[in-house]
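Let's take a walk through this one together. Have the sequence and the model side by side, and we'll go from the backbone to the chain contact and then inside.

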Number of protein chains: 2
Amino acid sequence: MRYVRFRDPAGATRRGTLESGHVHFANESYSLDSDEIDVLPPCEPSKIVCIGRNYADHADEMGSDVPDRPLLFLKPPNALAGHGDTVTVPAGKERIDHEAELAVVIGEQCRHVPEADAMDVVEGFTCMNDISNRDDQRQEQNWIRGKAFDGAAPLGPVLATPDEVPADASVQTRVNGELRQDGHREQLIFPIPELIAEITTYMTLEPGDVIATGTPDGVGALNDGDEVEIEVEGVGVLEHTVRVP
Amino acid sequence: MRYVRFRDPAGATRRGTLESGHVHFANESYSLDSDEIDVLPPCEPSKIVCIGRNYADHADEMGSDVPDRPLLFLKPPNALAGHGDTVTVPAGKERIDHEAELAVVIGEQCRHVPEADAMDVVEGFTCMNDISNRDDQRQEQNWIRGKAFDGAAPLGPVLATPDEVPADASVQTRVNGELRQDGHREQLIFPIPELIAEITTYMTLEPGDVIATGTPDGVGALNDGDEVEIEVEGVGVLEHTVRVP
């Protein structure tokens with residue numbers, strides 16, 4: 001199943017099922033691209049736990065080693081943006097990058113989850129752009145100005161249940177129609193169950209919390225007016241525009 | 001004014017005023033120490049933005065330089081704990097430390113706040129213990145295992161309006177009755193208006209969000225069964241117990 005959260009023409013927040021490009025809720029149906037509805041991020045995370053350098057080729061392009069355990073960082077709720085939104089990035093920076101990611105949406109409150117049971121707490125998968133302000137990221141101990149700014153986490157629009165997403169699903173970025181990143185889920189250094197086990201050793205995950213599993217190689221600069229598409233195979237395509245103030 | 005959030009005997013969440021050790025709401029009054037009520041953290045932050053090395057003597061004791069702009073990191077909502085709670089710290093660590101902090105509670109949604117207007121967005125001040133797992137903090141790029149674990153942010157119990165808190169308010173930790181930290185608000189390298197201006201350059205703060213302003217020198221180890229008191233002059237005393245599993 002594929003789900004889309006949206007505000008309907010009456011302003012009510014709904015979660016409908018997506019079939020053939022249409023969102024269905026109760027007796028109503030809307031085109032996903034319709035102006036009648038506002039497509040929202042597919043969940044309301046209390047936190048987004050992100051993984052750095054989880055693809056070897058990306059660690060290499062950043063001049064970094066592969067970590068010996070998952071490199072964790074956080075994006076708070078202010079970082080969220082939705083499908084079709086215009087993301088205004090921090091002003092006056094030399095380099096703001098796209099990072100396409102397969103994002104995991106948690107379905108139940110959980111802690112100390114063994115790897116073997118980890119997929120039981122997953123509601124589904126979605127698309128995320130881990131937008132990164134390299135100017136500040138390179139200078140900070142913790143990547144806050146670099147990664148936690150408003151709009152740094154466009155998310156959605158589709159939440160797909162795990163059965164919809166192949167084990168080797170592709171994770172892609174296109175900018176103005178040009179393919180920039182093209183990785184595969186099976187390249188993850190730390191696979192999803194290992195991430196869930198490690199994170200929940202330290203913290204409780206809540207329903208709607210998100211784990212962003214890292215980006216493949218091919219990260220690159222975003223410029224004013226760029227139209228970004230993040231596609232995860234089996235999930236769908238997240239689109240947003242970039243504004244450099 | 002001083003406020004305390006609590007669950008009343010009927011289970012309803014209330015915010016009462018604190019006077020002479022009693023919490024008042026509508027026609028009811030309870031002793032702050034009464035078993036009839038559950039004292040809650042004074043707000044419900046979507047994020048806690050923390051400041052590292054914001055007292056020169058603490059940067060020195062950690063063998064670190066004073067940063068040239070605020071060192072930011074995040075604690076998510078799972079880190080919250082309340083007055084009177086028992087905090088279970090991560091298992092198997094050599095060194096878990098207390099860090100007494102003056103915490104700022106934000107009163108309104110805001111972004112791009114100039115320093116001159118920053119106190120207008122402050123609802124009040126409270127006490128926080130920035131509990132720190134040094135084993136992991138020393139090894140991590142971002143302080144997630146080190147600082148964002150469940151219970152890593154005991155907060156409260158009192159929210160005091162800014163007029164209640166002196167410009168040179170003391171910030172203290174006592175462990176089992178022994179004074180361990182004793183700093184003063186005026187020692188902050190980056191004062192509160194500068195912190196608010198810098199943080200809101202990058203991100204929106206929401207009502208109830210917290211800025212933890214950093215810890216003075218004297219940080220030290222916590223052990224199983226320790227009784228911790230964090231006191232900010234003009235605010236009150238936050239008490240919690242430590243459990244090492």
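Predicted model: local features only at pLDDT ≥ 70, side-chain atom pairs only at ≥ 80, totals over all residues.

Is B:Ser20 buried or exposed? With a relative accessible area of 78%, B:Ser20 is exposed, because the cut-off for that label is over 50%. Now hop over to chain A. A:Ser20 lies in the loop between strand S2 (13–19) and strand S3 (22–25) of that chain, and its phi is also a positive value near 50°. A:Ser20 counts as exposed too, at 76% relative accessibility.

The next backbone stop is a proline. In chain A, the peptide bond joining A:Gly156 and A:Pro157 is cis, with omega about -10°. In chain B, the bond from B:Gly156 to B:Pro157 is cis as well, and omega is near -10°. Where do the two prolines fall in the strand assignment? A:Pro157 is in the loop between strand S14 (153–154) and strand S15 (158–160) of chain A, whereas B:Pro157 is placed within strand S14 (residues 153–160) of chain B.

Now for how the chains meet. Chain A gives 30 residues to the contact, and chain B gives 30 residues. Between them the chains bury about 2,800 Å², with 51% of that on carbon and sulfur atoms. There are 6 salt bridges between chain B and chain A. One of them pairs A:Asp150 with B:Arg111, whose closest N and O atoms are 3.3 Å apart. On the chain B side, the elements giving two or more residues are strand S7 (71–75) and helix H3 (192–202). The largest share of that side, 4 residues, comes from S7(B). Sorted by class, the chain B side has 14 nonpolar, 7 polar and 9 charged residues.

Let's go inside chain A, to its own helix H3. Since 8 of the 11 residues of H3(A) are buried, this helix is largely enclosed by the rest of the structure. Among the buried ones are A:Leu195, A:Glu198 and A:Tyr202. A:Thr200 is found in this helix, which spans residues 192–202, and has a relative accessible area of 0%, so A:Thr200 is buried. Setting aside neighbours within four places in sequence, A:Thr200 is in contact with A:Cys110, A:Arg111, A:His112, A:Val113 and A:Leu205.

Our last stop is A:His58, in helix H1 (residues 56–61) of chain A. A:His58 is buried, with a relative accessible area of 5%. Its side chain makes a polar contact with the side chain of A:Glu61, at 2.7 Å. Leaving out residues up to four places away in sequence, A:His58 touches A:Arg53, A:Glu99, A:Thr215, A:Pro216, A:Asp217 and A:Val219. For a sense of scale, A:His58 and A:Ala118 are 60 residues apart in sequence and 25 Å apart in space, C-alpha to C-alpha.

Key:
Residues numbered from 1 in each chain as written. Chains lettered and ligands numbered in written order. Heavy atoms only, no water. Buried < 20%, exposed > 50% of the residue type's maximum accessible area, 1.4 Å probe, protein only. Contact = heavy atoms within 4.5 Å. Buried area = accessible area lost by both parts, 1.4 Å probe. Salt bridge = Lys/Arg side-chain N within 4 Å of Asp/Glu carboxyl O. Nonpolar A, V, L, I, M, F, W, Y, C, P; charged D, E, K, R; others polar. Polar contact = N/O pair within 3.5 Å; in protein donor to acceptor, adjacent residues only side chain to side chain.
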